[in-house]
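Biologist: I am new to reading protein models, and I would like a close look at one kind of place: where pieces that are separated in the sequence come together. Please walk me through it slowly, beginning with a loop.

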Amino acid sequence: MTKASDAKAGPPGAARPEIVFGIFTLLPEHRRLLAGSSVIKLGSRALDLLIHLASRPGEVISHRELTAATWAGAQVEESNLRFQIGQLRKALAEHAGGAEHVTSVPGRGYCFTATVTPAAPAQPGPMIRPAGAPLLPPEPSNLIGRSADVGILLGCLARHRLVTVVGTGGVGKTTLAAAVMHRIGGPAGPSPSFVDLTTLDDPGLVPSAVATALGVPVGSANPMPQVVKVLADTDALLVLDNCEHVIDAVALAAEAILRGAPAARILATSREPLRLSGEAVHHLLPLAAPFADADDPLAFSAVQLFCDRARLQSPDLALDPAQARLVGEICRQVDGLPLAIELVAARMRTLGLAGLVELLRNGAELAHRSAVPRHRSLQATFDWSYALLSEAEARTLRTLSIFTGHFSLNAALSVLDDGTDRSDHLEVLSALADKSHLVLEAAQGGARYRLLQMTRQFALRKLRAAGEEAGIARRHVACYAGLLEGARAASGTRHGGDGVAALAFEIGNVRAALVWAFGPGGDAQLAVRLVACSAPLFLHLSLLAECVDWTGRALGAKEFTALGPKLRLELKAARSVALRYTRGNGEDARTALHEALDLAEAEQDLAYQIRLLEGLYIFALRLADFKAAMAYAERGRASVWHSLTDTGLATGDWMVGVLDHFMGRQAEARLRCGHALRNFPLQRRPEVVRFGIDQRMLAHCAIARALWVQGLPDQAATAVDGVVREIDAIGHPVSLCTALLWTAPVALWSGDLDRAAEALATGRVLASRHSLVPYELLARALTGQLHALRGVLESGIALLSEGLAGLVEVSHLTMNSALQLALAEALIEAGRPGEALAEAGSALVRIERDEELTLVPEAWRIKGRALAAQEADREAERAEEAFRHALQIAQDQGALSYRLRAATDLAEYLSRRGRTGEAPGLLSHVCDALTEGRSTRDVLRATRLLERLTA
């Protein structure tokens with residue numbers, strides 16, 4: 001095991017280099033975690049924890065220390081730490097075959113258990129700078145976010161004789177090279193030689209520029225032999241800066257030096273490699289910019305650079321959280337490009353943060369008079385690079401500017417298709433990537449491309465100036481319609497499945513294509529086609545509000561009637577899903593469902609008939625119309641599912657199983673849903689996630705709830721953990737939100753209020769983020785139940801009342817009876833039994849009408865509590881009757897948890913009435929039937945009461 005001090009080791013004067021463990025490389029100063037060459041996405045808190053733990057491998061670090069280090073001393077609950085550790089473990093395990101890297105030590109803290117390999121590179125020895133050579137560029141005064149790059153380059157220079165720093169214009173290649181040079185030579189010691197090639201227009205002058213930097217007199221047209229002779233017996237480091245415009249001449253000079261001076265080394269900066277044998281290439285990326293919902297934007301190096309440069313004009317600059325988010329947005333808009341950040345920061349004092357955001361959104365030009373000519377504006381930087389491109393490269397760069405964000409090779413080739421040979425396009429794309437104009441990123445399923453935002457804005461201006469935008473935009477729309485149609489066909493299912501899901505990273509381009517196609521000068525026919533093709537993608541990504549918007553536009557266009565029946569079916573079915581989740585079970589959603597089902601039956605499309613019958617089933621379930629829901633389930637089983645695979649039969653099983661739970665048949669619910677789970681594949685995108693939610697999730701939730709009702713709360717809690725973990729892994733936010741809100745009651749019923757609070761908090765965030773209005777209301781009502789159970793009665797009653805009213809308004813009634821009973825119980829605790837009795841009576845009428853028989857014992861029990869709380873003799877007989885009725889029905893249903901509650905309330909009631917002889921036997925009989933759940937709220941209450949009665 002490596003000591004903590006070893007993990008922190010680094011070259012003299014350099015910041016701590018990377019920490020290597022297994023397949024991972026952690027770059028603390030760069031705030032990046034790599035698995036091989038791939039960047040692993042981690043939240044800022046999880047990354048802070050990893051850096052802290054990995055810096056002290058083998059050491060147990062307390063919860064308090066980790067919390068203080070990660071949350072900067074703020075008071076946070078330990079559950080936040082557990083959650084972030086869980087996210088970290090999950091990310092590491094996904095890339096390391098499940099291997100464990102962080103171990104929990106109960107009562108003490110956490111320990112980083114992976115073996116850490118020291119990665120401190122050997123530093124090149126000092127080199128003597130020739131007399132008379134030009135001065136080196138100054139050492140960067142405050143190098144931000146580049147410490148890891150400096151360490152990497154020092155290590156590369158110790159192992160390789162030619163190292164090239166490659167990156168786009170303005171990314172900071174020269175600054176980095178200067179920092180490395182000064183780190184090698186030190187402030188007073190010998191230093192390398194620096195060759196500034198930016199002023200050269202003639203490649204033939206490269207040898208003279210090198211000779212001048214070395215202090216070698218230039219006495220001939222080709223001074224390279226003399227340069228090689230001077231370097232032959234030294235271990236000199238030569239820095240060749242900005243090579244791209246004279247790249248061939250630089251390559252020849254470098255090759256001659258490396259061949260004739262065996263100890264000499266070269267550090268080059270360029271927008272493309274020199275492509276010489278033995279060359280080590282370090283791709284310099286922009287600084288890390290915060291993602292949109294980052295917890296702490298100030299932790300990112302791009303924001304830190306902005307603040308540092310802004311303080312040159314405003315020394316007292318201090319950002320509040322809202323301002324820090326604005327700076328984060330600015331840094332995202334310029335892709336973390338250091339030059340752009342410095343240019344923007346220089347204008348903060350006059351424009352303010354909001355003004356800068358607006359400036360960048362409008363694509364305004366940024367300039368700085370004190371910079372070198374090629375860096376005085378971004379336009380100058382990009383003009384410099386653009387002028388070096390061939391005609392084909394420039395045309396391709398302009399065309400690619402139509403893309404926003406990431407795009408695939410197939411998408412690029414589709415939009416570039418102008419009759420030119422495919423191999424020619426591939427060669428040009430490769431050249432643009434080599435020259436740092438095009439960013440190539442490895443990803444599962446194939447490489448992805450993107451243009452940096454500032455590069456894209458420059459190229460888009462060139463595209464518009466050339467009059468090419470309309471034609472390229474039309475190709476862009478057709479490209480994505482074709483890709484989505486092909487993905488759906490390849491998946492073998494109407495809803496697209498894995499094929500459509502694989503295009504999730506293209507969503508930005510789909511949006512951009514729709515905006516253009518529906519806009520002035522667009523193509524409405526292509527727009528309507530693209531909406532129909534992309535609707536499953538919006539559902540897959542839980543972008544339901546957008547799905548409602550785009551499908552509404554398509555339905556309102558006259559071109560909709562020109563769509564084929566399959567695409568019309570696709571569009572209407574997707575719209576019905578999105579409407580139900582965002583606006584509730586309104587008549588527009590019901591109409592869309594029935595119209596789509598009519599189309600599916602006319603087309604004899606069995607897959608869509610299943611999908612739409614599921615939709616009508618869920619529609620009825622949300623109205624708490626369990627009889628209608630059962631009719632849809634049975635209709636599907638009789639006419640459709642028997643003709644399909646085991647997955648189709650499983651669909652019928654979970655639908656009936658969920659209803660069994662609500663209708664008081666817990667054993668049957670577990671049996672049917674268990675059968676459904678055995679027939680649903682775990683890898684189920686193509687077949688199962690097809691109508692807005694995941695079907696395995698619904699089956700799991702029904703089982704967890706049924707287990708609790710049957711008196712098995714520990715098994716229920718385990719089932720809840722399992723379903724949340726499984727649904728979280730598939731990455732479908734609507735399904736995860738549903739799972740959390742359907743299973744949070746299990747924790748509430750068991751008295752595990754912290755777990756319930758965590759589930760409800762996450763559910764509320766998901767519901768708000770994805771515009772799931774009914775779920776926001778459901779989360780509000782359940783939070784009210786949580787408050788009431790914690791004794792915060794007025795808040796609980798208010799939230800329950802508000803949530804119930806809102807759920808009625810959007811016709812989302814599945815849990816309303818249970819919530820109304822929770823409200824009644826809260827009113828009893830608040831000393832308002834009359835109101836409680838009215839709520840319980842109203843709920844009981846609806847429960848019996850809708851055959852929601854699972855809740856009948858609870859409704860009678862709570863009605864009994866309300867009667868007993870009125871302390872009137874005339875109500876005594878009615879209260880006892882209600883308790884005994886609840887007890888009997890619970891026993892008939894096999895609902896042991898409800899039976900325990902009824903027995904406890906009845907025993908307590910009898911005890912208060914002086915009938916202590918009956919109470920113990922009645923309660924002990926039920927307690928004896930318990931096999932688990934000894935620490936749950938209900939069992940503890942019953943046990944304490946029994947001890948008091950038998951004392």
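Modeller: Happy to! Let's begin with a word we need: strands (E, at least two residues) and helices (H or I, at least four) are DSSP runs, numbered from the N terminus. With that in hand, you can find Arg275 in the loop between strands β11 (265–270) and β12 (279–283). Please keep in mind that this is a predicted model. Arg275 is not a glycine, yet it has a positive phi of about 60°. Asn242 is another non-glycine residue with a positive phi, in this case about 65°. You will find Asn242 in the loop between β10 (237–241) and α9 (247–260). With a relative accessibility of 3%, Asn242 counts as buried, because buried means under 20%.

Let me step back for a moment to the whole chain. It comes to 42 helices and 15 strands, and 57% of its 951 residues are buried. Now take the contacts between residues at least 6 apart in sequence: 69% of them join residues at least 24 apart.

Ala324 lies in helix α11 (residues 321–333), and at 3% relative accessibility it counts as buried. Leu298 is 26 residues away from Ala324 in sequence, but the C-alpha atoms are 6.6 Å apart in space. If you set aside neighbours within four places in sequence, Ala324 is in contact with Pro297, Leu298 and Leu319.

Next, go to helix α18 (residues 453–465), where Arg456 is found. Although Arg456 carries a charged side chain by class, its relative accessibility is 15%, so it counts as buried. Leu400 is 56 residues away along the chain, and its C-alpha atom is separated from that of Arg456 by 8.0 Å. Not counting residues up to four places away in sequence, Arg456 touches Ser401, Ile402, Phe403, Thr404 and Leu451. Phe403, one of those partners, also belongs to a cluster of rings: ring pairs link it with Phe407, Tyr449 and Tyr480. Helix α18 holds Met454 too, and Met454 counts as buried at 6% relative accessibility. Met454 and Phe382 are 72 residues apart in sequence, with 9.0 Å between their C-alpha atoms.

Arg448 lies over the face of Phe505, 4.0 Å from the ring centre.

Two packed helices are described by the angle between their axes and the distance between the axes. Helix α24 (residues 565–583) packs with helix α34 (residues 773–789) at an angle of about 30°, and the axes are 4 Å apart. That angle makes α24 roughly parallel to α34. In this contact, Arg580, Tyr581 and Thr582 of α24 meet Val773, Pro774 and Tyr775 of α34. Sorted by class, these residues divide into 4 nonpolar, 1 polar and 1 charged.

Another helix pair is α30 (residues 695–709) with α32, whose axes are 10 Å apart at an angle of about 5°. So α30, too, is described as roughly parallel to its partner α32. The residues making this contact include Met697, Leu698 and Trp708 of α30, and Trp742, Val746 and Trp749 of α32. By class, the contact has 10 nonpolar, 4 polar and 1 charged residues.

The structure holds 15 aromatic pairs. One of them joins Phe662 and Trp742 edge-to-face, with 5.9 Å from centre to centre and 90° between the planes. Phe662 lies in helix α28 (residues 646–662) and Trp742 in helix α32 (residues 733–750), so the pair ties together parts that are 80 residues apart in sequence. Both Phe662 and Trp742 are buried.

How values were computed:
Residues are numbered from 1 along each chain as its sequence is written. This is a predicted model: local features need pLDDT of at least 70, side-chain atom pairs count only at pLDDT 80 or more; totals for chains, interfaces and linings use all residues. Side-chain values use heavy atoms; hydrogens and water are left out. Rings of Phe, Tyr and Trp (its six-membered ring) pair if their centres lie within 6.5 Å; planes under 30 degrees apart count as stacked, over 60 as edge-to-face and the rest as tilted. Buried means under 20% relative accessible area, exposed over 50%, partly exposed in between (1.4 Å probe, protein chains only). A charge sits over a ring if NZ of Lys or CZ of Arg is within 6 Å of the ring centre and within 35 degrees of the ring normal. Axes are lines fitted to C-alpha atoms, for helices over the stretch in contact, and angles run from 0 to 180 degrees between N-to-C directions. Angles under 35 degrees count as roughly parallel, over 145 as roughly antiparallel, 65 to 115 as roughly perpendicular and the rest as oblique. Contact means heavy atoms within 4.5 Å.
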